[in-house]
Amino acid sequence: MDSAVANIKNTSGLAVTERTDNWWIGPMAVLGGLTAFVVYSTWAAFQGVHYAVGMSEGFGGYLSPMYSPLIWIQEGVLGGAPLHHAIFGAWPEWWPDFIPASPAFLIVAFPLSFRFTCYYYRKAYYRAFTWTPPACAVGALPRKSNYAGETGLMLFQNLHRYAMYFAVIFIFILSYDAFLSFFRNGVFGVGVGSMVLLINPILLGSYTFGCHSFRHLMGGNRDCFSCDTRAKMAYGNWKWITKLNENHQLLAWVSLIWVGWADIYIRLVSMGLITDLNTWAF
Ligand code: FES
């Protein structure tokens, strides 16, 4: 906690505080940022079109990270991918008509559950959306007397340690997408989209590998860091993961924004609204 905040008394009454700094900027920024991302990503997921560029031209092409991996796909949609890119092929007939046939719906639970239960995001959205309290030493919304946050909500949030394994798998999938983005019809090249898709798994990996659960998996659960070779290796892991962990909040935001930006970029190129500068055009 900020030392300027540490000596301030606890207060009662919503937003009542002795703090004289702009404590409300953080929760308001989180409120605006997360709302904007949820609105955009929901809209993008419902589209089901314009999520790929150049994938129908053989090996390579760009794929939006909001749609990857492609589990099932509908062939012939605008800006989509050909059938052989889907893991299980054509879109299933049992899919209800009232839900768009969008590959994004098939994968969204994995990144969503990981982000939603992230230790940093919990703090951020508890403060920004529930105001219980909105910041340190600031009055909170009145809480129900039957509060069960530690026994109910916290149990659910334990999902994080399992969601982390899927998040790690996604880093490899998105790294493969980045590799593919350097090819068009089997020909190696570089485009602005290649750079966008290359930076994406780097940022996501920095966020994911700085996760508290990942640090515990790789370097935690030990009483001694110097007792044997395995313990020393665990300590080495703990140290480099801690470097990422110290910037976890920043990486959470930068990686989130980059995923949205990568989808926007590929969508705009696919729609023909902007041109991707690349070496294949020469
Ligand atoms: S704590 Fe943030 S991703 Fe695990």
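1. Helix H11 covers residues 248–270, 23 residues in total. In this predicted model, the distance from the first C-alpha of H11 to its last is 33 Å, close to the 33 Å expected at 1.5 Å a residue. Just after H11 comes Gly 272, with a positive phi of about 80 degrees.

2. The buried residues of H8 are Gly 193, Ser 194, Val 196, Leu 197, Asn 200, Pro 201, Leu 204, Gly 205, Tyr 207 and Thr 208. Viewed down the axis of H8, they fall within an arc of 165 degrees, and therefore line one face of the helix. As background, residues three or four places apart in an α-helix point the same way because there are 3.6 residues a turn.

3. Several elements cover the buried residues of H8, including strands E1 (52–53) and E2 (62–63). Helices H7 (160–180), H9 (212–219) and H11 also belong to this cover.

4. Helix H2 (residues 25–47) packs with helix H5 (residues 119–130) at an angle of about 95 degrees, and their axes are 8 Å apart. An angle from 65 to 115 degrees counts as roughly perpendicular, so H2 and H5 are roughly perpendicular to each other.

5. On the H2 side, that contact is made by Pro 27, Val 30, Leu 31 and Leu 34. H5 contributes Ala 124, Tyr 125, Arg 127, Ala 128 and Phe 129. By class, the residues of the contact of H2 with H5 are eight nonpolar, one charged and no polar.

Technical notes:
Residues numbered from 1 in each chain as written. Predicted model: local features only at pLDDT ≥ 70, side-chain atom pairs only at ≥ 80, totals over all residues. Helix = DSSP H or I, 4+ residues; strand = E, 2+ residues; numbered from the N terminus. Expected span 1.5 Å × (residues − 1). Axes fitted to C-alpha atoms, helices over the stretch in contact; angles between N-to-C directions. Parallel < 35°, antiparallel > 145°, perpendicular 65-115°, else oblique. Contact = placed C-beta atoms within 7 Å. Nonpolar A, V, L, I, M, F, W, Y, C, P; charged D, E, K, R; others polar. Buried ≥ 20, exposed ≤ 12 C-beta atoms within 10 Å, placed from the backbone. Arc of directions from axis to C-beta.
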